[in-house]
Amino acid sequence: MGRLSTGKLKGSHKKTAVTILALTALGVSFFLFKWGKSAVYIFTRPMLGTVVNLTINADKQLAQNVSVEVFEEISRIEELMSPYRERSDVYRINKSAGEGFVEVGYETFELIKISKEISIESGGAFDISFAGLGSLWKTGSEDFIPPARERVMGSLHLVDSRNIELGAENRVRLLKRGMKIGLGAIAKGYAIRRSIEIMRSRGITSGIVEAGGDLQVIGNKYGKPWIAGIRNPRENSLAFAVALADGDSIVTSGDYERFSLYRGKRYHHIIDPRSGFPTETFSSVTVIHRNPTLADAYSTSLFVMGYDRSVEFLKKNKDVSAVLIGLNMKVHASSRLKGRIESLDEMNVSWVE
Ligand code: AMP
Ligand code: MG
């Protein structure tokens, strides 16, 4: 692990997997070393509906100060974008659906703008107005029952990001009454991005910001690349290790993250806007990209797009690398990841050129 000077991952895979798993149940984790005065410190907080881990390689005082600042920034973003907080931009937009424009912060405005663009780019797979169906899908709750098809059909007209209108001076409105937006597929990536920017601006040259398994890295760990794990979607183990370069982010969308089983069928939290139902192609999609906001949005997009459209997208967008794990556990990965990704669970990869 970490000996990547030849561009290949070496060492005992099984041992590596076991060691990583011992460190975290989240599926992504790292080795810690002490070195001179600075050391690797980890700060953990429940935020963004998940757990945020900051790994900071610096002297203790600096690491502590930076962690406080980063957690404050993440809470600020959560206050702006949570659909549940009454003062948030997203809450206010949803409350005024079908009425006038709502003025929001420039960041919320930008994320909505990017989301609308990615909606077009993904042929409608990515659509933050999926949230119009949100009340029908209580996926993950204990008493989950899938909604009747007619009810889903009856609400599907609320899902169409072309009906999210962007006005001047950061104003947004939803054209139909009952429409809702949710930034759950992109805001976490943005929070990671802002956190890394703060860490860099404070002089941190080695570290990680990770939220629920999604992360971006700064630098390396004592000269060796940071290594992230991709979870096996059906086992409590890691399927792959991926070597990351300075500034890389890696984000996974998975059908195991929030789901309910009903009469033996899995219903997860990622909705195909065309059908209004959870998608049924992939069990996980991991995207590696320089920008965690886009990595987050693209992982959800590809997850919904399914195999053929994802492959077409990856061929067109060479800056996006992905690992696609099908419901049949067949794995396809961008050929640009050759030499950077190592199978830990004997899962074979077919390369997408
Ligand atoms: P992620 O784990 O990043 O793939 O995000 C999943 C979250 O995105 C879900 O919990 C929903 O909040 C939201 N979501 C579900 N379906 C879609 C979709 N088709 N487009 C955009 N966001 C979605
Ligand atoms: Mg996402």
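Student: Why is isoleucine 198 called buried?

Tutor: Its relative accessible area is 7%. Buried means under 20% relative accessible area, exposed over 50%, and partly exposed in between (1.4 Å probe, protein chains only). The value of 7% is under the 20% limit, so isoleucine 198 is buried.

Student: What are these values taken from?

Tutor: This is a predicted model, in which local features need pLDDT of at least 70, side-chain atom pairs count only at pLDDT 80 or more, and totals for chains, interfaces and linings use all residues. Residues are numbered from 1 along each chain as its sequence is written, chains are lettered from A and ligands numbered from 1 in the order in which they are written, and side-chain values use heavy atoms, with hydrogens and water left out.

Student: Where is isoleucine 198 found?

Tutor: In helix α6. Helices (H or I, at least four residues) and strands (E, at least two) are DSSP runs, numbered from the N terminus. The C-alpha atom of isoleucine 198 is separated by 7.8 Å from that of valine 66, although the two residues are 132 apart along the chain.

Student: What makes the pair of arginine 194 and glutamate 73 a salt bridge?

Tutor: The closest N and O atoms of the pair are 2.8 Å apart. A salt bridge is a side-chain nitrogen of Lys or Arg within 4 Å of a carboxyl oxygen of Asp or Glu. A search of the whole structure finds 22 salt bridges.

Student: Are arginine 194 and glutamate 73 buried or partly exposed?

Tutor: Arginine 194 has a relative accessible area of 22% and is partly exposed, whereas glutamate 73, at 9%, counts as buried. Both belong to a network of salt bridges that links Glu73, Arg76, Glu107, Arg193, Arg194 and Glu197.

Student: What makes aspartate 248 and arginine 290 a salt bridge?

Tutor: Their side chains meet at 2.9 Å, N to O, so the distance is inside the limit for a salt bridge. Aspartate 248 lies in the loop between β9 (238-244) and β10 (249-254), and arginine 290 in the loop between β13 (282-289) and α7 (292-316), so the pair ties together parts that are 42 residues apart in sequence. Aspartate 248 is buried, at 5%, and arginine 290 is partly exposed, at 48%.

Student: How do you know that arginine 266 and aspartate 255 form a salt bridge?

Tutor: The closest N and O atoms are 3.8 Å apart, which is still within the limit, so the pair counts. Arginine 266 is in strand β12 (residues 265-268) and aspartate 255 in the loop between β10 and β11 (259-262). Aspartate 255, at 1%, counts as buried, and arginine 266, at 25%, as partly exposed.

Student: Which residues come nearest to ligand 1?

Tutor: Asp127, Ser253, Ile271, Asp296 and Thr300, of 16 residues around ligand 1. A residue is near a molecule if one of its heavy atoms lies within 4 Å of it. α7 gives the largest share of this shell, 3 residues.

Student: How much of ligand 1 does the protein cover?

Tutor: 92% of the 500 Å² of accessible area that ligand 1 has on its own, by the Shrake-Rupley method with a 1.4 Å probe (for residues, only the protein chains shown count as cover).

Student: Why is glutamate 346 called exposed?

Tutor: Its relative accessibility is 68%, which is over the limit for exposed, so the word applies. Glutamate 346 is in the loop between β16 (341-343) and β17 (349-352), and its phi is near 55 degrees, a positive value in a residue other than glycine.
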